[in-house]
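Welcome, and thanks for taking a look at this one.

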Amino acid sequence: MRTKSLILSLLAGTLGSLHGSDAYIPAPGTGNLHPIASVQWAKDFWFDDNPATLPGHLTQTTAGVDVEYGIAPNLAIDVSVGVSNVNYQGGPLGGTVLTQDNILSRKGLTDTRFGLSWRMVDEFTSLNDAAPTLTLRVGGIIAGNYDTGFINAVSDGADGYEVGLKFGKVFIASSAGLYGDIAYRWLSSSTPDEWEASLGVFKTSGALTYSAGLREKQSVGGIDILGPGFSLARFTDVREKNRTAEVGITWNRTEASTLSLGYARTLAGENTPKKNVLVAAMSIEL
């Protein structure tokens, strides 16, 4: 379905990785391949909800691929893998050392995510014209092989599992639509569990499709950076909140492939960098 591939590409372009976050799953025996590359950078940081300027820039580059495949009517599987490098060109803040052993660059495999999606409602076959597409996804997370315990770690190093509900609605007459999702993740060890939600809109004009949306992500529990009980070893225990604005543009180059560019900006947060993110992505129907 052409609409499906458009939305998949839009999400890849703005979010940097799908993680099965799209409601439109492939038909049985077909799939989608999504190569993705991103760079993010930050100079400012929220310690708890207090803004501060880091002594140096924090940057992260990531390359990966997401694959989805339809295994039965209304059922699909997905997997996401990648590699990432984080660099912090700065020193201590307020007397607190943010790196370890003076190592400024850290790299490794990103967390591997995999899941199974079940489309509960299909707007294109529903008897109700107002019905959206609704898809339930359950998945797992396997931590990457990177080190943790400092500001330039690739991620939290936690295994886990997640459950989410995704939706989409296409307004064919206006070549526009809505997309979004809400998910909850249970994470291993002392890393706080978290929930995440998004809502966005898209509009197609000629061979180009534009998107814009908001994303909210919050940990459930945890400690504050530089707060009571904090140490480098407890970076993975931090309570993180962030709200992000995302925009994207997709070139629908053929019926089976698209190219996307996306930009995201952190608007507000706690214990998180004020990030800028640029993403380039491709969607290829298999």
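**Aromatic pairs**

Trp186 counts as partly exposed, because its relative accessibility is 32%, which lies between the 20% limit for buried and the 50% limit for exposed. Please keep in mind as you read on that this is a predicted model.

- The structure holds five aromatic pairs.
- One of them joins Tyr161 and Trp186: the ring centres are 5.1 Å apart and the planes meet at 20 degrees, so the pair is stacked, given that planes under 30 degrees apart count as stacked.
- This pair links distant parts of the chain, with Tyr161 in strand S7 (residues 160-171) and Trp186 in strand S8 (residues 176-187), 25 residues apart.
- Phe230 and Phe235 make an edge-to-face aromatic pair, with 5.2 Å from centre to centre and 85 degrees between the planes.
- Are Phe230 and Phe235 buried or exposed? Both of these residues are buried.
- Tyr184 also comes into the picture, as ring pairs link Tyr161, Tyr184 and Trp186 into a cluster.

**A charge over a ring**

- The ring of Phe150 has the charged end of Arg106 sitting over it, 3.9 Å from the ring centre.

**Nonpolar surface patch**

- Which residues form a nonpolar patch on the surface? They are Val39, Trp41, Val247, Tyr263 and Leu278, and together they have about 370 Å² of accessible area.
- Leu278, one of the patch residues, belongs to strand S14 (residues 276-285).
- With a relative accessible area of 41%, Leu278 is partly exposed, because that value falls between 20% and 50%.
- Ile249 itself sits in strand S11 (residues 241-251) and counts as partly exposed, because its relative accessibility is 33%.

- Strand S1 (residues 31-47) pairs with strand S2 (residues 50-72) in the antiparallel sense, over 16 bridges.
- Within this pairing, Leu33 stands opposite Val67 in S2.
- How many residues lie between S1 and S2 in their hairpin? There are two, and Asp48 in the turn has a positive phi of about 60 degrees.
- S2 also pairs with strand S3 (residues 75-89), again antiparallel, over 15 bridges.
- Here Ala72 is the residue that stands opposite Leu75 in S3.
- The hairpin of S2 and S3 has two residues between the strands, and Asn74 in the turn has a positive phi of about 70 degrees.

**Partners of S14**

- S14, the strand that holds Leu278, runs antiparallel to S1 and is joined to S1 by eight bridges.
- In the pairing of these two strands, Ser38 stands opposite Val279 in S14.
- Strand S12 (residues 257-270) pairs with S14 as well, in the antiparallel sense and over nine bridges.
- Arg265 stands opposite Asn276 in S14.
- As a reminder when you inspect these strands, side chains in a regular strand alternate between the two faces of the sheet.

Notes: Residues are numbered from 1 along each chain as its sequence is written. This is a predicted model: local features need pLDDT of at least 70, side-chain atom pairs count only at pLDDT 80 or more; totals for chains, interfaces and linings use all residues. Side-chain values use heavy atoms; hydrogens and water are left out. Patches are made of residues with over 30% relative accessible area and no salt bridge: like charges are joined within 9 Å, nonpolar side chains (Val, Leu, Ile, Met, Phe, Trp, Tyr) within 5 Å. Accessible areas come from the Shrake-Rupley method with a 1.4 Å probe; for residues, only the protein chains shown count as cover. A salt bridge is a side-chain nitrogen of Lys or Arg within 4 Å of a carboxyl oxygen of Asp or Glu. Helices (H or I, at least four residues) and strands (E, at least two) are DSSP runs, numbered from the N terminus. Buried means under 20% relative accessible area, exposed over 50%, partly exposed in between (1.4 Å probe, protein chains only). Two strands pair if DSSP finds at least two bridges between them. Rings of Phe, Tyr and Trp (its six-membered ring) pair if their centres lie within 6.5 Å; planes under 30 degrees apart count as stacked, over 60 as edge-to-face and the rest as tilted. A charge sits over a ring if NZ of Lys or CZ of Arg is within 6 Å of the ring centre and within 35 degrees of the ring normal.
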